[in-house]
Amino acid sequence: MSVRRWVAAACGVITAVAAVATPALAVNPIITAIYTADPAPLVVGNTMYIYAGRDEAPTGTSNFVMREWHVLSSTDANTWTDNGAKANIATFPWAGADAWAGEVEPRNGKYYWYTSINGNGAGWMDIGVAVGNSPLGPFTDAKGGPLISDSTANSSGLNIDPTVFVDDDGQAYMYWGGYWGPRAVKLASDMINTVGSVITPQGLTNYWEAPWMFKRNGLYYMMYAANDTSGCVTNSNYACQRYATATNPLGPWTHRGIVLGQVSSTTNHAGAVEFNGQWYLVYHTADAPGGGNFRRSVAVDKMYFNADGTIQKVIPTVGGGSSSGTNLATSATASTSYVSSWENLSAINNGGTPANSQDRSNLAYGNWPQQGTQWIEYQWPTAQSINKSSVYWFDDNQGIDLPASCQVQYWNGSAYVAVPGQSSCGVAGNTENVITFNTVSTTRLRLSITSRSGYSTGVLEWKAFQA
(Lines give C-alpha, C1' and ligand atoms only; values in the text may rest on other atoms or scores of the structure.)
Protein backbone atom coordinates (compact mmCIF):
# COMPACT_ATOMS: atom_id res chain seq x y z
CA MET A 1 0.00 0.00 0.00
CA SER A 2 1.21 3.54 -0.64
CA VAL A 3 2.75 5.61 2.13
CA ARG A 4 -0.07 8.13 1.87
CA ARG A 5 -2.66 5.38 2.21
CA TRP A 6 -0.85 3.95 5.26
CA VAL A 7 -0.62 7.31 6.92
CA ALA A 8 -4.22 8.15 6.26
CA ALA A 9 -5.21 4.82 7.64
CA ALA A 10 -3.16 5.39 10.72
CA CYS A 11 -4.40 8.83 11.47
CA GLY A 12 -8.01 8.40 10.61
CA VAL A 13 -10.06 11.45 9.83
CA ILE A 14 -13.78 12.12 9.90
CA THR A 15 -16.68 13.52 7.98
CA ALA A 16 -19.93 15.39 8.64
CA VAL A 17 -23.20 13.90 9.77
CA ALA A 18 -26.24 15.18 11.56
CA ALA A 19 -25.58 15.88 15.24
CA VAL A 20 -28.20 13.53 16.61
CA ALA A 21 -27.53 11.80 19.94
CA THR A 22 -28.11 8.11 19.32
CA PRO A 23 -27.69 5.57 22.17
CA ALA A 24 -26.16 2.21 21.33
CA LEU A 25 -25.81 -0.92 23.45
CA ALA A 26 -22.37 -1.93 24.65
CA VAL A 27 -20.98 -4.29 22.06
CA ASN A 28 -17.90 -3.93 19.89
CA PRO A 29 -17.90 -1.89 17.74
CA ILE A 30 -19.69 0.51 20.09
CA ILE A 31 -21.23 2.64 17.30
CA THR A 32 -22.30 1.20 13.93
CA ALA A 33 -24.64 3.85 12.50
CA ILE A 34 -21.52 5.56 11.13
CA TYR A 35 -17.85 4.56 10.86
CA THR A 36 -15.53 6.09 13.48
CA ALA A 37 -11.75 5.96 13.89
CA ASP A 38 -8.69 7.11 15.86
CA PRO A 39 -10.45 7.29 19.24
CA ALA A 40 -9.21 9.46 22.11
CA PRO A 41 -10.88 8.88 25.50
CA LEU A 42 -11.39 11.52 28.21
CA VAL A 43 -13.12 11.17 31.58
CA VAL A 44 -14.94 14.18 33.02
CA GLY A 45 -16.92 13.53 36.20
CA ASN A 46 -19.11 10.46 35.72
CA THR A 47 -18.83 10.42 31.92
CA MET A 48 -16.33 8.91 29.52
CA TYR A 49 -16.04 10.78 26.24
CA ILE A 50 -14.42 9.44 23.09
CA TYR A 51 -13.31 11.91 20.43
CA ALA A 52 -13.14 10.18 17.07
CA GLY A 53 -12.84 10.92 13.40
CA ARG A 54 -15.53 9.79 11.01
CA ASP A 55 -14.74 7.54 8.04
CA GLU A 56 -16.98 8.34 5.07
CA ALA A 57 -15.26 6.41 2.29
CA PRO A 58 -17.77 4.62 0.03
CA THR A 59 -17.53 0.86 -0.32
CA GLY A 60 -14.60 -0.10 -2.49
CA THR A 61 -12.73 3.17 -2.00
CA SER A 62 -8.99 2.77 -1.36
CA ASN A 63 -8.32 6.03 0.44
CA PHE A 64 -9.65 7.96 3.42
CA VAL A 65 -12.53 10.38 3.28
CA MET A 66 -12.60 12.25 6.61
CA ARG A 67 -14.09 15.67 7.15
CA GLU A 68 -15.39 15.86 10.72
CA TRP A 69 -14.95 14.70 14.31
CA HIS A 70 -17.62 13.15 16.52
CA VAL A 71 -17.94 12.89 20.30
CA LEU A 72 -19.20 9.62 21.78
CA SER A 73 -20.15 9.40 25.47
CA SER A 74 -21.13 6.90 28.15
CA THR A 75 -21.77 6.92 31.89
CA ASP A 76 -21.12 3.19 32.31
CA ALA A 77 -18.70 2.23 29.48
CA ASN A 78 -21.49 -0.01 28.20
CA THR A 79 -24.18 2.12 26.57
CA TRP A 80 -22.78 4.69 24.17
CA THR A 81 -24.25 7.81 22.59
CA ASP A 82 -23.06 9.50 19.42
CA ASN A 83 -23.44 13.20 20.20
CA GLY A 84 -22.80 14.12 16.58
CA ALA A 85 -20.09 16.11 14.84
CA LYS A 86 -18.59 18.69 17.22
CA ALA A 87 -15.80 19.90 14.92
CA ASN A 88 -14.97 19.67 11.24
CA ILE A 89 -12.54 20.98 8.66
CA ALA A 90 -14.36 24.32 8.61
CA THR A 91 -13.55 24.76 12.32
CA PHE A 92 -10.06 25.72 11.10
CA PRO A 93 -10.34 28.50 8.46
CA TRP A 94 -6.69 27.98 7.49
CA ALA A 95 -7.22 24.27 6.67
CA GLY A 96 -8.68 22.52 3.68
CA ALA A 97 -8.83 18.74 4.10
CA ASP A 98 -8.17 15.60 6.14
CA ALA A 99 -9.77 15.62 9.59
CA TRP A 100 -7.40 13.08 11.12
CA ALA A 101 -6.59 11.89 14.64
CA GLY A 102 -6.87 14.21 17.63
CA GLU A 103 -7.17 14.34 21.41
CA VAL A 104 -8.92 16.64 23.90
CA GLU A 105 -7.15 17.86 27.05
CA PRO A 106 -8.86 19.96 29.77
CA ARG A 107 -7.12 22.96 31.33
CA ASN A 108 -8.31 26.04 33.24
CA GLY A 109 -11.98 25.20 32.74
CA LYS A 110 -11.61 24.82 28.97
CA TYR A 111 -11.20 21.87 26.65
CA TYR A 112 -8.45 21.98 24.03
CA TRP A 113 -8.85 19.76 20.99
CA TYR A 114 -5.49 19.03 19.30
CA THR A 115 -5.89 17.43 15.93
CA SER A 116 -4.24 16.51 12.63
CA ILE A 117 -5.43 18.48 9.63
CA ASN A 118 -4.18 19.43 6.18
CA GLY A 119 -3.51 23.16 5.97
CA ASN A 120 -3.81 25.24 2.82
CA GLY A 121 -0.17 26.36 3.01
CA ALA A 122 3.06 24.63 2.12
CA GLY A 123 3.57 21.06 3.27
CA TRP A 124 1.01 18.42 4.07
CA MET A 125 -0.33 17.75 7.58
CA ASP A 126 -0.36 20.26 10.45
CA ILE A 127 -1.49 20.16 14.05
CA GLY A 128 -4.24 22.59 14.98
CA VAL A 129 -5.94 23.46 18.29
CA ALA A 130 -9.62 24.14 18.86
CA VAL A 131 -11.11 25.18 22.20
CA GLY A 132 -14.49 24.78 23.88
CA ASN A 133 -16.08 25.49 27.24
CA SER A 134 -17.41 21.96 27.74
CA PRO A 135 -16.48 18.44 26.61
CA LEU A 136 -19.15 18.74 23.90
CA GLY A 137 -18.09 22.20 22.78
CA PRO A 138 -18.94 24.14 20.74
CA PHE A 139 -15.32 24.19 19.56
CA THR A 140 -13.64 27.05 17.72
CA ASP A 141 -10.14 27.58 16.35
CA ALA A 142 -7.97 28.64 19.29
CA LYS A 143 -4.91 29.91 17.46
CA GLY A 144 -5.73 31.08 13.94
CA GLY A 145 -3.07 28.86 12.42
CA PRO A 146 -1.14 25.63 12.99
CA LEU A 147 0.52 24.88 16.31
CA ILE A 148 2.94 22.54 14.49
CA SER A 149 3.70 22.53 10.75
CA ASP A 150 6.50 21.55 8.38
CA SER A 151 8.11 24.92 9.12
CA THR A 152 8.48 24.02 12.81
CA ALA A 153 12.14 23.30 13.57
CA ASN A 154 12.79 19.55 13.98
CA SER A 155 9.18 18.70 13.15
CA SER A 156 8.27 15.12 12.28
CA GLY A 157 8.35 13.76 8.76
CA LEU A 158 4.55 13.76 9.10
CA ASN A 159 2.96 16.03 11.70
CA ILE A 160 0.00 13.94 12.85
CA ASP A 161 -1.52 12.19 15.87
CA PRO A 162 -1.00 14.64 18.75
CA THR A 163 -1.30 13.38 22.33
CA VAL A 164 -1.25 15.98 25.12
CA PHE A 165 -0.58 15.34 28.79
CA VAL A 166 -0.65 17.79 31.71
CA ASP A 167 1.58 16.61 34.55
CA ASP A 168 0.93 16.99 38.28
CA ASP A 169 3.07 20.14 38.40
CA GLY A 170 0.96 21.79 35.69
CA GLN A 171 3.48 21.44 32.88
CA ALA A 172 1.87 20.28 29.63
CA TYR A 173 3.61 18.11 27.04
CA MET A 174 2.69 17.14 23.50
CA TYR A 175 3.95 14.13 21.55
CA TRP A 176 3.14 13.53 17.90
CA GLY A 177 4.55 12.26 14.62
CA GLY A 178 4.38 9.70 11.83
CA TYR A 179 6.84 8.11 9.37
CA TRP A 180 8.81 6.61 12.28
CA GLY A 181 9.43 10.16 13.56
CA PRO A 182 8.20 10.72 17.16
CA ARG A 183 8.52 14.29 18.41
CA ALA A 184 7.81 16.02 21.74
CA VAL A 185 7.62 19.58 23.04
CA LYS A 186 6.48 21.44 26.14
CA LEU A 187 3.34 23.55 25.89
CA ALA A 188 2.80 26.97 27.45
CA SER A 189 0.17 27.38 30.15
CA ASP A 190 -2.17 28.91 27.54
CA MET A 191 -2.10 25.50 25.79
CA ILE A 192 -1.81 27.08 22.32
CA ASN A 193 1.92 27.87 22.19
CA THR A 194 5.04 25.77 22.55
CA VAL A 195 7.91 26.35 24.98
CA GLY A 196 11.51 25.53 24.08
CA SER A 197 12.76 23.27 21.33
CA VAL A 198 11.10 20.26 19.74
CA ILE A 199 12.94 17.11 20.81
CA THR A 200 13.23 13.63 19.35
CA PRO A 201 12.33 11.26 22.21
CA GLN A 202 14.54 8.20 22.68
CA GLY A 203 13.61 4.60 23.39
CA LEU A 204 10.30 4.24 21.52
CA THR A 205 11.28 0.98 19.85
CA ASN A 206 9.84 0.46 16.35
CA TYR A 207 7.69 3.58 16.60
CA TRP A 208 5.53 4.27 13.53
CA GLU A 209 2.79 6.73 14.63
CA ALA A 210 -0.24 7.26 16.95
CA PRO A 211 1.33 8.02 20.37
CA TRP A 212 -0.81 8.07 23.52
CA MET A 213 0.64 9.30 26.83
CA PHE A 214 -0.68 8.76 30.36
CA LYS A 215 0.58 8.40 33.92
CA ARG A 216 -0.13 5.74 36.54
CA ASN A 217 1.39 5.35 40.01
CA GLY A 218 4.09 7.91 39.22
CA LEU A 219 5.18 6.12 36.04
CA TYR A 220 4.77 7.61 32.55
CA TYR A 221 3.38 5.38 29.81
CA MET A 222 3.56 5.82 26.05
CA MET A 223 1.51 3.60 23.74
CA TYR A 224 2.11 3.86 20.01
CA ALA A 225 1.54 2.09 16.72
CA ALA A 226 4.37 -0.06 15.36
CA ASN A 227 4.44 -2.03 12.11
CA ASP A 228 7.47 -4.27 12.53
CA THR A 229 7.25 -8.02 12.01
CA SER A 230 9.35 -8.78 15.11
CA GLY A 231 6.41 -10.12 17.08
CA CYS A 232 4.17 -7.16 16.25
CA VAL A 233 2.36 -8.01 13.01
CA THR A 234 2.46 -10.64 10.30
CA ASN A 235 2.52 -8.04 7.51
CA SER A 236 3.99 -4.54 7.75
CA ASN A 237 0.87 -3.05 6.15
CA TYR A 238 -0.74 -3.68 9.56
CA ALA A 239 0.18 -2.34 13.01
CA CYS A 240 0.15 -3.37 16.65
CA GLN A 241 0.23 -1.16 19.75
CA ARG A 242 3.54 -1.28 21.60
CA TYR A 243 4.15 0.59 24.84
CA ALA A 244 7.06 2.03 26.78
CA THR A 245 7.54 3.56 30.23
CA ALA A 246 9.68 6.35 31.64
CA THR A 247 10.32 8.14 34.92
CA ASN A 248 10.52 11.50 33.13
CA PRO A 249 7.75 12.87 30.86
CA LEU A 250 10.27 13.50 28.06
CA GLY A 251 11.98 10.12 28.44
CA PRO A 252 14.20 8.33 27.77
CA TRP A 253 11.64 5.55 27.29
CA THR A 254 12.04 1.83 27.91
CA HIS A 255 10.10 -0.51 25.64
CA ARG A 256 7.91 -2.90 27.66
CA GLY A 257 5.92 -4.94 25.17
CA ILE A 258 2.72 -5.11 23.12
CA VAL A 259 -0.56 -3.96 24.62
CA LEU A 260 -2.73 -4.67 21.55
CA GLY A 261 -1.88 -6.97 18.69
CA GLN A 262 -2.81 -6.75 15.03
CA VAL A 263 -6.50 -5.91 14.54
CA SER A 264 -8.80 -6.34 11.57
CA SER A 265 -7.96 -2.92 10.09
CA THR A 266 -4.52 -2.14 8.70
CA THR A 267 -4.18 0.83 11.06
CA ASN A 268 -4.08 0.50 14.83
CA HIS A 269 -4.77 3.61 16.90
CA ALA A 270 -5.54 3.45 20.63
CA GLY A 271 -5.95 5.42 23.83
CA ALA A 272 -6.20 4.36 27.48
CA VAL A 273 -8.13 5.85 30.39
CA GLU A 274 -9.25 4.97 33.92
CA PHE A 275 -13.00 5.21 34.48
CA ASN A 276 -14.85 4.30 37.68
CA GLY A 277 -11.80 2.44 38.99
CA GLN A 278 -11.35 0.34 35.83
CA TRP A 279 -8.85 0.97 33.02
CA TYR A 280 -10.08 0.75 29.44
CA LEU A 281 -8.36 0.50 26.07
CA VAL A 282 -10.16 2.34 23.28
CA TYR A 283 -9.15 1.48 19.71
CA HIS A 284 -10.56 0.95 16.22
CA THR A 285 -11.12 -2.08 13.99
CA ALA A 286 -12.80 -2.95 10.69
CA ASP A 287 -15.37 -5.15 12.45
CA ALA A 288 -18.59 -3.19 11.85
CA PRO A 289 -20.95 -4.45 9.13
CA GLY A 290 -19.57 -3.23 5.80
CA GLY A 291 -16.36 -2.13 7.51
CA GLY A 292 -12.89 -2.06 6.08
CA ASN A 293 -9.53 -0.30 6.20
CA PHE A 294 -11.18 3.01 5.30
CA ARG A 295 -14.46 2.30 7.13
CA ARG A 296 -13.31 1.70 10.69
CA SER A 297 -15.21 1.59 13.98
CA VAL A 298 -14.36 2.29 17.62
CA ALA A 299 -14.14 -0.55 20.15
CA VAL A 300 -13.66 -0.54 23.94
CA ASP A 301 -12.22 -3.32 26.12
CA LYS A 302 -11.03 -3.51 29.71
CA MET A 303 -7.28 -3.21 30.31
CA TYR A 304 -5.37 -4.72 33.24
CA PHE A 305 -2.00 -4.01 34.85
CA ASN A 306 0.32 -6.52 36.49
CA ALA A 307 1.76 -5.89 39.95
CA ASP A 308 5.03 -4.62 38.43
CA GLY A 309 3.21 -1.99 36.34
CA THR A 310 3.37 -3.84 33.04
CA ILE A 311 0.19 -4.05 30.97
CA GLN A 312 -1.55 -7.32 30.19
CA LYS A 313 -2.11 -7.75 26.48
CA VAL A 314 -5.66 -6.81 25.52
CA ILE A 315 -7.51 -9.32 23.35
CA PRO A 316 -10.13 -7.59 21.18
CA THR A 317 -13.75 -8.65 21.61
CA VAL A 318 -16.32 -8.43 18.85
CA GLY A 319 -20.08 -8.07 19.22
CA GLY A 320 -22.15 -8.89 22.25
CA GLY A 321 -21.87 -12.60 21.63
CA SER A 322 -20.73 -15.32 23.97
CA SER A 323 -17.06 -15.05 22.97
CA SER A 324 -16.69 -11.56 24.49
CA GLY A 325 -15.21 -10.88 27.93
CA THR A 326 -11.86 -10.70 29.68
CA ASN A 327 -9.54 -13.41 28.37
CA LEU A 328 -7.42 -14.82 31.21
CA ALA A 329 -5.37 -17.06 28.91
CA THR A 330 -2.81 -14.41 28.04
CA SER A 331 -1.64 -14.27 31.67
CA ALA A 332 -1.49 -18.06 32.10
CA THR A 333 1.38 -20.52 31.81
CA ALA A 334 0.61 -23.13 29.16
CA SER A 335 1.55 -26.81 29.18
CA THR A 336 0.59 -29.87 27.15
CA SER A 337 0.74 -33.62 26.98
CA TYR A 338 2.63 -33.33 23.69
CA VAL A 339 3.59 -30.76 21.06
CA SER A 340 5.26 -31.50 17.74
CA SER A 341 8.83 -30.19 17.55
CA TRP A 342 8.00 -27.95 14.57
CA GLU A 343 4.83 -26.50 16.14
CA ASN A 344 4.61 -24.05 19.04
CA LEU A 345 2.68 -24.30 22.31
CA SER A 346 2.76 -20.51 22.73
CA ALA A 347 0.33 -20.29 19.80
CA ILE A 348 -2.61 -21.18 22.02
CA ASN A 349 -2.47 -17.97 24.11
CA ASN A 350 -0.49 -15.48 22.03
CA GLY A 351 -3.55 -13.38 21.24
CA GLY A 352 -3.75 -14.32 17.59
CA THR A 353 -6.94 -13.86 15.57
CA PRO A 354 -7.06 -16.75 13.07
CA ALA A 355 -8.44 -16.09 9.61
CA ASN A 356 -9.36 -19.76 9.25
CA SER A 357 -8.32 -23.17 10.60
CA GLN A 358 -5.39 -23.36 8.16
CA ASP A 359 -3.96 -19.98 9.25
CA ARG A 360 -0.32 -20.27 10.39
CA SER A 361 0.39 -16.54 10.54
CA ASN A 362 0.31 -16.45 14.37
CA LEU A 363 1.89 -19.90 14.94
CA ALA A 364 0.05 -23.16 15.54
CA TYR A 365 -0.03 -25.90 18.18
CA GLY A 366 -0.20 -29.48 16.93
CA ASN A 367 0.46 -32.91 18.48
CA TRP A 368 1.19 -35.05 15.42
CA PRO A 369 1.88 -38.03 15.37
CA GLN A 370 -0.01 -38.59 18.64
CA GLN A 371 -3.57 -39.92 18.40
CA GLY A 372 -6.34 -40.53 20.88
CA THR A 373 -6.71 -38.10 23.78
CA GLN A 374 -4.21 -35.29 24.34
CA TRP A 375 -4.53 -32.13 26.44
CA ILE A 376 -3.47 -28.52 26.76
CA GLU A 377 -3.57 -26.72 30.07
CA TYR A 378 -3.41 -23.24 31.65
CA GLN A 379 -2.08 -22.52 35.12
CA TRP A 380 -2.25 -19.29 37.14
CA PRO A 381 -0.40 -18.40 40.36
CA THR A 382 -3.70 -17.60 42.10
CA ALA A 383 -7.24 -18.91 41.70
CA GLN A 384 -9.29 -17.45 38.84
CA SER A 385 -13.09 -17.36 38.48
CA ILE A 386 -13.94 -18.80 35.05
CA ASN A 387 -17.27 -19.57 33.38
CA LYS A 388 -16.51 -19.66 29.68
CA SER A 389 -13.90 -20.87 27.22
CA SER A 390 -13.42 -20.86 23.46
CA VAL A 391 -11.18 -22.75 21.09
CA TYR A 392 -10.18 -22.21 17.45
CA TRP A 393 -9.04 -25.52 15.98
CA PHE A 394 -6.04 -26.03 13.70
CA ASP A 395 -6.48 -28.25 10.62
CA ASP A 396 -3.50 -28.54 8.26
CA ASN A 397 -5.35 -30.76 5.76
CA GLN A 398 -2.66 -33.39 6.37
CA GLY A 399 -2.04 -35.32 9.58
CA ILE A 400 -3.85 -32.81 11.80
CA ASP A 401 -7.63 -32.74 11.58
CA LEU A 402 -10.56 -31.35 13.54
CA PRO A 403 -11.11 -33.41 16.71
CA ALA A 404 -13.84 -35.95 17.33
CA SER A 405 -14.69 -34.43 20.72
CA CYS A 406 -13.36 -32.26 23.53
CA GLN A 407 -14.02 -31.43 27.18
CA VAL A 408 -13.09 -28.56 29.49
CA GLN A 409 -11.78 -29.68 32.89
CA TYR A 410 -10.58 -27.87 36.01
CA TRP A 411 -8.35 -28.73 38.96
CA ASN A 412 -10.51 -29.10 42.10
CA GLY A 413 -7.52 -29.27 44.43
CA SER A 414 -6.84 -32.98 44.07
CA ALA A 415 -7.85 -34.01 40.55
CA TYR A 416 -9.03 -32.85 37.15
CA VAL A 417 -12.80 -33.03 36.75
CA ALA A 418 -15.21 -31.80 34.09
CA VAL A 419 -16.44 -28.25 34.64
CA PRO A 420 -20.07 -28.28 35.86
CA GLY A 421 -22.94 -27.41 33.54
CA GLN A 422 -20.71 -27.57 30.46
CA SER A 423 -22.34 -26.74 27.14
CA SER A 424 -21.39 -28.65 24.02
CA CYS A 425 -17.67 -28.48 23.24
CA GLY A 426 -17.72 -27.56 19.58
CA VAL A 427 -15.35 -29.08 17.03
CA ALA A 428 -16.20 -26.93 14.00
CA GLY A 429 -13.47 -25.54 11.79
CA ASN A 430 -12.93 -21.93 10.74
CA THR A 431 -14.69 -20.51 13.80
CA GLU A 432 -14.31 -19.78 17.50
CA ASN A 433 -16.11 -22.58 19.36
CA VAL A 434 -17.51 -21.24 22.65
CA ILE A 435 -18.12 -23.42 25.71
CA THR A 436 -20.05 -22.06 28.70
CA PHE A 437 -20.28 -23.62 32.17
CA ASN A 438 -21.03 -22.86 35.80
CA THR A 439 -18.41 -20.64 37.43
CA VAL A 440 -15.39 -22.46 38.84
CA SER A 441 -12.57 -21.04 40.96
CA THR A 442 -9.32 -22.74 40.05
CA THR A 443 -5.62 -22.31 39.39
CA ARG A 444 -5.66 -24.76 36.45
CA LEU A 445 -7.89 -25.26 33.43
CA ARG A 446 -7.45 -28.10 30.96
CA LEU A 447 -8.83 -28.78 27.48
CA SER A 448 -8.97 -32.52 26.81
CA ILE A 449 -8.99 -33.28 23.06
CA THR A 450 -9.86 -36.62 21.44
CA SER A 451 -8.79 -37.09 17.83
CA ARG A 452 -10.58 -38.67 14.92
CA SER A 453 -9.29 -42.08 13.98
CA GLY A 454 -5.99 -41.86 12.12
CA TYR A 455 -5.40 -38.17 12.86
CA SER A 456 -3.78 -35.86 15.38
CA THR A 457 -5.21 -32.56 16.62
CA GLY A 458 -4.16 -28.91 16.83
CA VAL A 459 -5.21 -25.52 18.23
CA LEU A 460 -4.64 -21.96 16.97
CA GLU A 461 -6.10 -20.12 19.99
CA TRP A 462 -7.65 -21.23 23.29
CA LYS A 463 -9.27 -18.64 25.54
CA ALA A 464 -10.51 -18.76 29.13
CA PHE A 465 -12.91 -16.02 30.23
CA GLN A 466 -13.24 -14.35 33.61
CA ALA A 467 -16.60 -14.88 35.29
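This briefing goes through the disulfides, a strand hairpin, the aromatic rings and one serine of the structure above. The model is a predicted one, in which local features need pLDDT of at least 70 and side-chain atom pairs count only at pLDDT 80 or more, while totals for chains, interfaces and linings use all residues. Residues are numbered from 1 along each chain as its sequence is written, and side-chain values use heavy atoms, with hydrogens and water left out. Helices (H or I, at least four residues) and strands (E, at least two) are DSSP runs numbered from the N terminus, and buried means under 20% relative accessible area, exposed over 50% and partly exposed in between, with a 1.4 Å probe and protein chains only.

**Disulfides**

- A search of the whole structure finds two disulfides, a disulfide being a pair of cysteine sulfur atoms within 2.5 Å.
- One of them is formed by Cys232 and Cys240, with sulfur atoms 2.2 Å apart, and the torsion about its S-S bond is about -115°, so this disulfide is left-handed.
- Cys232 counts as buried at 7% relative accessibility, and Cys240 counts as buried at 0%.
- A disulfide also joins Cys406 to Cys425, at 1.8 Å from S to S, and with -110° about the S-S bond this link is left-handed.
- Cys406 lies in strand β25 (residues 405-411) and Cys425 in the loop between β26 (416-418) and β27 (433-450), so the pair ties together parts that are 19 residues apart in sequence.
- Both Cys406 and Cys425 are buried.

- Strand β7 runs antiparallel to strand β8 (residues 110-119), and six bridges join the two, where strands pair if DSSP finds at least two bridges between them.
- Val104 stands opposite Trp113 in β8, and the two strands form a hairpin with two residues between them, in whose turn Asn108 has a positive phi of about 55°.

**Aromatic rings**

- The structure holds 23 aromatic pairs; rings of Phe, Tyr and Trp (its six-membered ring) pair if their centres lie within 6.5 Å, and planes under 30 degrees apart count as stacked, over 60 as edge-to-face and the rest as tilted.
- Among these pairs, Phe214 and Trp279 are tilted, at 5.1 Å centre to centre with 40° between the planes, and the pair links distant parts of the chain, with Phe214 in strand β15 (residues 207-216) and Trp279 in strand β20, 65 residues apart.
- Both Phe214 and Trp279 are buried.
- The rings of Phe214 and Phe305 have their centres 6.5 Å apart and their planes at 75°, so this pair is edge-to-face.
- Ring pairs also link Tyr49, Tyr51, Trp69, Phe92, Trp94, Trp113 and Phe139 into a cluster.

**Ser451**

- Ser451 is found in the loop between β27 and β28 (458-466), and this residue is buried, with a relative accessible area of 11%.
- Not counting residues up to four places away in sequence, Ser451 touches Gln371, Gly372, Pro403, Ala404, Ser456 and Thr457, where contact means heavy atoms within 4.5 Å.
- The side chain of Ser451 reaches the backbone nitrogen of Gly372 at 2.9 Å, and the backbone oxygen of Tyr455 lies 3.1 Å from a polar atom of that side chain.

Notes. A polar contact is a pair of N or O atoms within 3.5 Å; within protein, one must be able to donate a hydrogen and the other to accept it, and residues adjacent in sequence count only if both atoms are side-chain atoms.
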